[in-house]
Amino acid sequence: MRYPRIVGLWSILLLSGLLVAASPNSLVVALIAGEDVAALKALGPQVLPEMVRLYSSGDTAQRRRIAGLLYRLSWKSSEAATALLRDVETEDVGLRISVQYALGRVSDQPAVVDALLRNMVGDPDPFLRDKAACALAYDQVHLSEAAKVRLYDGLIRALASEVEQVRAIAIQALGVHTGQRKGFFPEAPIEKRRAAIARWQKWLAEYKENL
C-alpha cells in the first residue's frame with residue numbers, strides 16, 4: 001500500500017505535533033512512502049532512529065528510498081552511517097549508488113571515506129567507480145578541514161593507479177575540492193604523472209602543516 005503525499009490540513013496538524021503524539025512510527029512510515037522530505041524535515045532529527053530501523057528491515061526498494069531521503073535531509077547520524085555502510089558494496093546497482101551518495105551526507109566518519117575510496121579504486125565496474133568518486137567529490141558535507149586530509153591522501157594515492165579511469169576520476173575529485181590539477185593528466189606518460197603526484201604530495205604536506 002502506498003500512502004498519499006501529506007498535504008493541506010494533515011500537514012498543518014503534522015507540523016503542530018498533534019499527529020506525531022498520536023502515532024509517530026506509523027506517521028514516519030507514511031512520510032517515507034510518500035517521500036515527503038519537507039514533512040520529515042519539519043519533524044526534525046528525532047525521526048532518524050525510526051528511519052534507520054525501517055531501512056535495516058526494509059527490502060531493496062525501501063532501502064533505496066530511505067537512502068535517498070537521508071541524502072536530501074543531510075542530518076548527521078552515526079546510526080544511519082552504520083546501516084548504510086552495510087550496503088556500500090551491495091550488488092544492487094541502484095541501492096549502491098544511493099548509499100554511496102547518502103553516506104557523506106550523514107557522517108564524517110573515516111570509515112565512510114575509506115569505503116568510498118575502496119569502491120572508487122577497486123570496484124570492477126567503471127560506472128560504480130565513477131559514482132563513488134562523485135560521492136567523494138560532492139557529498140562529504142560534514143568533513144572538517146582536518147578530516148579532509150584522509151580524503152585528499154586517498155585521492156592522491158589513487159593518481160598512481162594502473163587504471164587510467166581511476167586516475168581520471170581521482171584528479172576530477174581533487175579538482176572539485178581544491179580547484180587545482182597541479183599538471184596531472186591521467187593519460188600522460190608515467191614520468192610526468194609521477195612528477196605531478198610529487199607536487200600533490202608536497203601540497204598535502206603543506207596543507208597539514210597549516211591546519
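This is a predicted model: local features need pLDDT of at least 70, side-chain atom pairs count only at pLDDT 80 or more; totals for chains, interfaces and linings use all residues.
Student: Let's start with Arg150: which residue forms a salt bridge with it, and how far apart are the closest N and O atoms?

Tutor: The partner is Asp114, and the closest N and O atoms are 2.8 Å apart. The pair links distant parts of the chain, with Arg150 in helix H11 and Asp114 in helix H9, 36 residues apart. To call something a salt bridge, you look for a side-chain nitrogen of Lys or Arg within 4 Å of a carboxyl oxygen of Asp or Glu. Helices (H or I, at least four residues) and strands (E, at least two) are DSSP runs, numbered from the N terminus.

Student: How many salt bridges does a search of the whole structure find?

Tutor: Ten. One of them pairs the side chains of Asp123 and Arg96, at 2.5 Å from N to O. Asp123 sits in the loop between H9 and H10 and Arg96 in helix H8, so this pair ties together parts that are 27 residues apart in sequence. Asp123 is buried at 8% relative accessible area, and Arg96 is buried at 6%.

Student: And which residue meets Lys76 in a salt bridge?

Tutor: That's Asp108, with 2.9 Å from N to O. Since Asp108 lies in the loop between helix H8 (93-106) and H9 and Lys76 in the loop between H6 and H7, the pair ties together parts that are 32 residues apart in sequence. Asp108 is partly exposed, at 30% relative accessible area, and Lys76 is partly exposed too, at 48%.

Student: What about a buried charge with no salt bridge, like Lys131: which side chain of opposite charge is nearest?

Tutor: For charge, Lys and Arg count as positive and Asp and Glu as negative; His and the chain ends are not counted. The nearest opposite charge to Lys131 is Asp130, 4.3 Å away. Lys131 belongs to helix H10 (residues 126-138). Contact means heavy atoms within 4.5 Å, and beyond its neighbours within four places in sequence, Lys131 is in contact with Ile97, Gln100 and Tyr101.

Student: Where is Trp75, and what does it touch?

Tutor: Trp75 is in the loop between H6 and H7, and at 16% relative accessible area it is buried. Not counting residues up to four places away in sequence, the residues it touches include Leu40, Pro45, Leu70, Arg105 and His142. From C-alpha to C-alpha, Trp75 and Arg105 are 6.7 Å apart, though 30 residues separate them in sequence.

Student: How many residues of H11 are buried, and what covers them?

Tutor: Helix H11 (residues 148-158) is mostly covered, with eight of its eleven residues buried. Among them are Leu151, Tyr152, Leu155 and Ile156. Their cover includes helix H9 (110-122), H10, H12 and H13.

Student: Zooming out, how many helices and strands are there?

Tutor: The chain has 13 helices and zero strands. Buried residues make up 48% of its 211 residues. Of the contacts between residues at least 6 apart in sequence, 62% join residues at least 24 apart.

Terms used. Residues are numbered from 1 along each chain as its sequence is written. Side-chain values use heavy atoms; hydrogens and water are left out. Buried means under 20% relative accessible area, exposed over 50%, partly exposed in between (1.4 Å probe, protein chains only).
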